[in-house]
Amino acid sequence: MKKQTTNGYTEIFAHRGYRVVAPENTFPAFEAALAYDIDGLEIDVHRTLDGELVIMHDETVDRTTNGTGFIKDMTLNDIKALDAGIYKEPKFPGTTVPTLREFLTFLREKNFTGKLLIEVKTDHVAYDGIEAQILAMVTSFEPTYEVLYQSFNLATLREFRKLDKTLSLAALVSWATPRVYWRRFLGDFTYLHPNIKALEMRPRYFWSAGRHLRPWTVDKDNQLEHVFAQTLPGVITNEVAKAVAIREKIQGDGQ
Ligand code: G3P
Ligand code: CA
């Protein structure tokens with residue numbers, strides 16, 4: 001992890017871990033990301049039928065495991081019985097879906113000093129009360145690292161804000177609509193995390209967010225170069241090694 005300076009430094013967040021080299025949102029991917037000079041890990045959180053918080057991207061297990069079905073309709077035992085590594089490469093057999101509790105334990109054991117970016121996946125499935133549940137779990141670990149929360153669902157961000165005025169909150173957006181800016185004005189969140197394609201096509205749509213931008217998913221050389229040259233505060237990327245190398249070239253070592 002690098003020491004942040006005030007004169008131009010962009011934090012790198014590994015998107016679902018280092019998912020280019022290992023199955024996304026699994027411990028091999030988190031371990032792989034932490035081998036690089038990154039600043040943060042991004043994860044996605046859903047909830048099982050029996051109320052357990054699990055780290056997966058999609059609403060269903062179909063794409064990233066050998067099973068089928070919606071997470072919300074499966075118990076933790078159902079999910080834990082699945083192989084979450086085999087879809088990627090045969091060299092990750094037996095990899096299971098982590099729970100949020102297991103992941104927070106892993107960070108504690110690693111003495112993690114970066115930032116944890118938790119995406120709350122309430123944009124397609126309503127998980128009633130998941131915001132308070134996640135916050136309670138994170139708080140119970142008394143993290144010594146910074147935790148940020150993001151969601152495409154503005155109501156989820158509003159709920160987090162109601163729960164704790166001091167949380168670091170970010171809205172995931174494809175396009176920054178007037179509603180997004182209105183909710184930001186009201187204090188529901190500070191940062192915008194825009195799709196890099198939207199930011200490239202219509203940068204003026206984002207001017208009023210000032211420098212509070214961390215785009216995703218920034219993987220191409222020219223995109224990374226642009227973001228680092230602009231010294232945006234953060235970038236969310238699949239291409240961990242490439243991002244670290246390009247940042248070093250453009251911004252130096254950040255010390
Ligand atoms: O962190 C930003 C990014 O994760 C948002 O999109 O679909 O990859 O969760 P998605
Ligand atoms: Ca995500």
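Local features in the predicted model require pLDDT of at least 70, side-chain atom pairs count only at pLDDT 80 or more, and totals for chains, interfaces and linings use all residues. Residues are numbered from 1 along each chain as its sequence is written, chains are lettered from A and ligands numbered from 1 in the order in which they are written, and side-chain values use heavy atoms, with hydrogens and water left out.

The calcium ion (ligand 2) has Glu42 (OE), Asp44 (OD) and Glu119 (OE) as its protein donors, at 2.1 to 2.2 Å. Donors are N, O and S atoms within 2.8 Å of the metal (3.2 Å for Na, K and Ca); water is not among the atoms, so sites may look incomplete. The spacing of the donor residues in sequence is E-x1-D-x74-E. Because glutamate 42 belongs to strand E2 (residues 40-47) and glutamate 119 to strand E4 (residues 115-120), the pair ties together parts that are 77 residues apart in sequence. Helices (H or I, at least four residues) and strands (E, at least two) are DSSP runs, numbered from the N terminus. Both glutamate 42 and glutamate 119 are buried, where buried means under 20% relative accessible area, exposed over 50%, and partly exposed in between (1.4 Å probe, protein chains only).

The structure contains 17 salt bridges, a salt bridge being a side-chain nitrogen of Lys or Arg within 4 Å of a carboxyl oxygen of Asp or Glu. One of them joins arginine 247 to aspartate 39, with the closest N and O atoms 2.7 Å apart. Arginine 247 is in helix H9 (residues 240-251) and aspartate 39 is in the loop between helix H1 (27-34) and E2, so this pair ties together parts that are 208 residues apart in sequence. The relative accessible area is 0% for arginine 247, which is buried, and 5% for aspartate 39, also buried. In a further salt bridge, arginine 183 and aspartate 188 bring their closest N and O atoms to 2.6 Å; both residues are buried.

Aspartate 221 and lysine 242 form a salt bridge at 2.9 Å, N to O. Since aspartate 221 lies in helix H8 (residues 221-229) and lysine 242 in helix H9, the pair ties together parts that are 21 residues apart in sequence. Aspartate 221 is partly exposed at 39% relative accessible area, as is lysine 242 at 26%. Salt bridges with shared partners link Arg16, Arg19, Glu24, Asp44, Asp58, Arg63, Glu119 and Lys121 into one network.

In H8, the buried residues are Gln223, Leu224, Val227 and Phe228. Viewed down the helix axis, the buried residues of H8 fall within an arc of 125°, so they line one face of the helix; the arc is that of the directions from the helix axis to the C-beta atoms. These residues pack against strand E1 (11-15), helix H7 (196-201), strand E8 (234-237) and H9, with contact meaning heavy atoms within 4.5 Å.

Alanine 241 is located in helix H9 and is partly exposed at 25% relative accessibility. Its contacts include Tyr18 and Tyr36, not counting residues up to four places away in sequence.
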